[in-house]
Amino acid sequence: MNLSQNSLENTEFMIEEIKKKLRMATGAALKATVLNDEQYEDLRDIYEMVASKSNFSISEIEAITSELGRLRKA
């Protein structure tokens, strides 16, 4: 999958992978359809960081969740 291309499919994939990796209980926190081009790059940065780590502290999970919330509100 080429995540450098901004597409709804790529956005949905990254959101789902982030939720799986962080074991997030709710999926309603962020929807792929509300992101613009700039937010896509931010989401990809978050995805790459999450994908590169195997463990997360509680504070890291809170920070990532907060950043995902910021993307949703923007």
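F13 has its place in helix α1, where helices (H or I, at least four residues) and strands (E, at least two) are DSSP runs numbered from the N terminus. This is a predicted model, in which local features need pLDDT of at least 70 and side-chain atom pairs count only at pLDDT 80 or more, while totals for chains, interfaces and linings use all residues. Residues are numbered from 1 along each chain as its sequence is written, and side-chain values use heavy atoms, with hydrogens and water left out.

**Overall fold and confidence**

- The secondary structure of the protein comes to three helices and zero strands, which follow the pattern α-α-α along the sequence.
- The mean pLDDT (the predictor's confidence in each residue, from 0 to 100) is 84 for the protein, and 89% of its residues reach 70 or more.
- Among the elements, helix α2 (residues 37-52) has the highest mean pLDDT, 91, whereas helix α3 (residues 58-73) has the lowest, 85.

**Burial, surface and contacts**

- Of the 74 residues in the protein, 32% are buried, where buried means under 20% relative accessible area, exposed over 50%, and partly exposed in between (1.4 Å probe, protein chains only).
- The protein exposes about 4,800 Å², of which carbon and sulfur atoms supply 49%; accessible areas come from the Shrake-Rupley method with a 1.4 Å probe, and for residues only the protein chains shown count as cover.
- Of the contacts (heavy atoms within 4.5 Å) between residues at least 6 apart in sequence, 67% join residues at least 24 apart.

**Packing of α1 with α2**

- Helices α1 and α2 pack at an angle of about 35°, with their axes 10 Å apart; axes are lines fitted to C-alpha atoms, for helices over the stretch in contact, and angles run from 0 to 180 degrees between N-to-C directions.
- Residues of α1 that meet α2 include F13, M14, E17 and I18, and among their counterparts in α2 are Y40, L43, Y47 and A51.

- F13 counts as partly exposed because its relative accessibility is 28%.
- Leaving aside neighbours within four places in sequence, F13 is in contact with M1, L3 and Y47, and the C-alpha atoms of F13 and A32, 19 residues apart in sequence, lie 9.0 Å apart in space.
- E17 is found in helix α1 (residues 8-22) and counts as partly exposed because its relative accessibility is 26%.
- E17 and A51 are 34 residues apart in sequence, with 8.1 Å between their C-alpha atoms in space.
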